Amino acid sequence: MRSVFMSELSWVEYQARIERDRAPVLLPVGATEQHGPHLPLGTDALLATAVAADAARRVGALVAPAIAYGYKSQPKCGGGQHFCGTTSVDAATLVGGVRDAVREFARHGVARLVVVNGHYENQWFVTEGIDLGLRDLGAGAAIEVVRLEYWDFLTEATLAKVFPDGFPGFALEHAAVIETSLMLHYHPSLVRVDLIPDDGPAEFPPYDVYPSRRHWVPLSGVLSSARGADAAKGRLIAEEVAQRLAAAIEARFP
Ligand code: ZN
Ligand code: MN
């Protein structure tokens, strides 16, 4: 089977997939950000790409190279900017990157673009990039854009299975059970299970302070424990997200 990855196709093959097959294009957006001592810095882009590729194989879509730098890590959902390795961009940079991507894919003739976000802090800047990209193209543009956070495709039933003791919420799920389980499923060689810390769940006041307070965040960078993570949970999560994402793409772009 041909690759779903745009970066592995020639321009001629890519053009045929877009023009002849009207293939949707999935654009993963991640971050380069600390994910505790046990997960790699590229986790958010790796996972957004992996779930996008799983869904793309099911619906004949393509996966574009990820935008691998995200908006600044926030203490309550990514640990904050004080960790070595966390490498973030200003909002305007991310907005501009997404805006440029929308314009370029539209120029290729892509009619169906799906932006798959894997970094919590990106959400509204991705939205702004899409909005400005569509505004640049004008009312006659043929492109339609779907935007999503991949974890929203998890059902309550699956969350109950993955978190038998109760779900701490997606914001605290940084480098915790969902991301660690998914990495054990998709990229097991990149996970150091022996280094999973016992921290958390972190407790935050109902406000933010700037400059942010390092001591609010566990030293490991993990916001709730990943101890319950395993590859079987990762597979369960991955299957559900990919299947429901594929169904959504087919429903939106029949
Ligand atoms: Zn993450
Ligand atoms: Mn993140």
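**Note on the metal site, a helix pair and backbone features**

1. The donor residues of the manganese ion (ligand 2) follow the sequence spacing E-x10-D-x74-H. They are Glu33 (OE), Asp44 (OD) and His119 (ND1), coordinating at 2.0 to 2.3 Å. Donors are N, O and S atoms within 2.8 Å of the metal (3.2 Å for Na, K and Ca), and sites may look incomplete since water is not among the atoms.

2. This is a predicted model, in which local features need pLDDT of at least 70 and side-chain atom pairs count only at pLDDT 80 or more, while totals for chains, interfaces and linings use all residues. Residues are numbered from 1 along each chain as its sequence is written, chains are lettered from A and ligands numbered from 1 in the order in which they are written, and side-chain values use heavy atoms, with hydrogens and water left out.

3. Asp44 forms a bridge between the manganese ion (ligand 2) and the zinc ion (ligand 1), which lie 3.4 Å apart. Glu33 belongs to the loop between strand 1 (25-29) and helix 2, and His119 to the loop between strand 3 (112-117) and helix 5 (123-137), so the pair ties together parts that are 86 residues apart in sequence. Helices (H or I, at least four residues) and strands (E, at least two) are DSSP runs, numbered from the N terminus. Glu33 is buried at 2% relative accessibility, and His119 is buried with a relative accessible area of 2%. Buried means under 20% relative accessible area, exposed over 50%, and partly exposed in between (1.4 Å probe, protein chains only).

4. Helix 2 (residues 43-59) and helix 7 (residues 177-186) have axes that come within 11 Å and cross at roughly 60°. Axes are lines fitted to C-alpha atoms, for helices over the stretch in contact, with angles running from 0 to 180 degrees between N-to-C directions. Helix 2 is therefore oblique to helix 7; angles under 35 degrees count as roughly parallel, over 145 as roughly antiparallel, 65 to 115 as roughly perpendicular and the rest as oblique.

5. Ser181 is located in helix 7 and is buried at 0% relative accessibility. Leaving aside neighbours within four places in sequence, Ser181 has contacts (heavy atoms within 4.5 Å) that include Ala176, Asp230 and Ile237.

6. Tyr210 and Pro211 are joined by a cis peptide bond, with omega about -5°; Pro211 is in the loop between helix 7 and helix 8 (231-252). Ala175, although not a glycine, has a positive phi of about 60° and is buried at 0% relative accessibility.
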